Amino acid sequence: MLNTDMLVKYFNEAKYSEIVKICEEDKDILLTDPNTSYLYAASQFKLGNYQEAQNICEQIEGPYQNNENFLSMYAAVLRRQGLLERSEQIFIKALSINKTEEIENNFCNLLMDRGRYHEAKKILEAIISQNPSYEDAQVNLSRVSEIISTQEKSEEMKSAEENKTFNAS
């Protein structure tokens, strides 16, 4: 029988491969213990094994349907798998349970993936105004601001080119 406390300790120590190895030696536990399955899925996510993380998340969504941390991880997994609409639905559910800076920041990554840059920027600015030292949000704000700036310059160039073509005719 696996010791969940030991797996939590390993997770906090970033020993994700060790958790995966232990869980895969006792696959039956993944079917019967949602807590172990959650740690296994989170470890698979941290290791970049998104399909396996998604498979486990789908199996244990029921017991964790009101756990914002699980839902945020699951939404991030789906985002990495390109399932953006489903990811957004789950992020919104997580945010309705508990609107944390971390979940909002991760949600902004999804918004950027969906081309909703101004919406993401507004949320990130609000996060940073509340917590100026939140580095991930700062990085994301810088990234989205650069995207918006590039889009605006591109639109200006396109408009100028159209005006030039129009005036030449």
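## Basis of the description

Because the model is predicted, local features need pLDDT of at least 70 and side-chain atom pairs count only at pLDDT 80 or more, whereas totals for chains, interfaces and linings use all residues. Residues are numbered from 1 along each chain as its sequence is written, and side-chain values use heavy atoms, with hydrogens and water left out.

## Aromatic pairs

A search of the whole structure finds seven aromatic pairs, where rings of Phe, Tyr and Trp (its six-membered ring) pair if their centres lie within 6.5 Å, and where planes under 30 degrees apart count as stacked, over 60 as edge-to-face and the rest as tilted. In one of these pairs, the ring centres of tyrosine 38 and phenylalanine 70 are 5.5 Å apart with the planes at 90°, so the pair is edge-to-face. Tyrosine 38 lies in helix α4 (residues 34–46) and phenylalanine 70 in helix α6 (residues 68–80), so the pair ties together parts that are 32 residues apart in sequence; helices (H or I, at least four residues) are DSSP runs, numbered from the N terminus. Both tyrosine 38 and phenylalanine 70 are buried, a term that means under 20% relative accessible area, with exposed over 50% and partly exposed in between (1.4 Å probe, protein chains only).

Phenylalanine 70 also forms a tilted pair with tyrosine 74, at 5.8 Å centre to centre and 35° between the planes. These two residues are four residues apart in helix α6, and are thus separated by about one helical turn. The relative accessible area of phenylalanine 70 is 0%, while tyrosine 74, at 3%, counts as buried too. Ring pairs link Tyr38, Tyr64, Phe70 and Tyr74 into a cluster.

## The largest nonpolar core

A nonpolar core is a set of buried Ala, Val, Leu, Ile, Met, Phe, Trp, Tyr and Cys residues joined through side-chain atoms within 4.5 Å. The largest one has 51 residues, and those touching the most other members are Phe45, Phe70, Met73, Phe91, Phe107, Leu124 and Val144. Helix α6 supplies the largest share of this core, eight residues.

Leaving aside neighbours within four places in sequence, phenylalanine 45 is in contact (heavy atoms within 4.5 Å) with Tyr50, Ala53, Met73, Ala76, Val77 and Arg80.

Threonine 4 belongs to helix α1 (residues 4–12) and is partly exposed, with a relative accessible area of 24%. Not counting residues up to four places away in sequence, threonine 4 touches Asp33, Asn35, Thr36 and Leu39.

Glutamate 18, in helix α2 (residues 16–25), is likewise partly exposed, at 33% relative accessible area.
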